[in-house]
Amino acid sequence: SLLRNPDLAGLVGGVKSVTLGDRWAQEGNAGRKERLERAGAPAFDTVVEVLGHNRWRVHRCTASSVDHMLRSVMDGAAGLA
């Protein structure tokens, strides 16, 4: 996983943990005081994710894909590929 690998995470913008105030936590983060965010701009606009032999997924907007994956992780969905 690129996002879990500290040496490679910067290629897709990296990850940082952000602490939210009480109001923001209640309004937009299901009461959780902490959330994961992309730390910066990705090095590439488009990423190809290899799913298996002759299978892949194209992420046309790396920043949006990473942001979506981080929200999914915080919501308890499957991990990042």
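I looked up the bridge partner of glycine 52 and found arginine 55, which lies in β4; I keep in mind that the model is predicted. Stepping back to the pairing itself, I noted that strand β3, residues 47-52, runs antiparallel to strand β4, residues 55-59, and that five bridges join them. I then turned to the turn of this hairpin, where two residues stand between the strands, and I recorded that asparagine 54 has a positive phi near 60°.

Next I went to the loop between β2 (34-38) and β3, where I located phenylalanine 44.

Last, I looked at the chain as a whole. I listed two helices and four strands, and from the N terminus I read their order as β-α-β-β-β-α. The protein chain has 81 residues, and I noted that 26% of them count as buried. For the accessible surface I wrote down about 5,700 Å², with 52% of that area belonging to carbon and sulfur atoms. Turning to contacts between residues at least 6 apart in sequence, I found that 39% of them join residues at least 24 apart.

Note on methods: Residues numbered from 1 in each chain as written. Predicted model: local features only at pLDDT ≥ 70, side-chain atom pairs only at ≥ 80, totals over all residues. Heavy atoms only, no water. Pairing = 2+ DSSP bridges. Buried < 20%, exposed > 50% of the residue type's maximum accessible area, 1.4 Å probe, protein only. Contact = heavy atoms within 4.5 Å. Areas by Shrake-Rupley, 256 points an atom, 1.4 Å probe, with all protein chains shown as cover.
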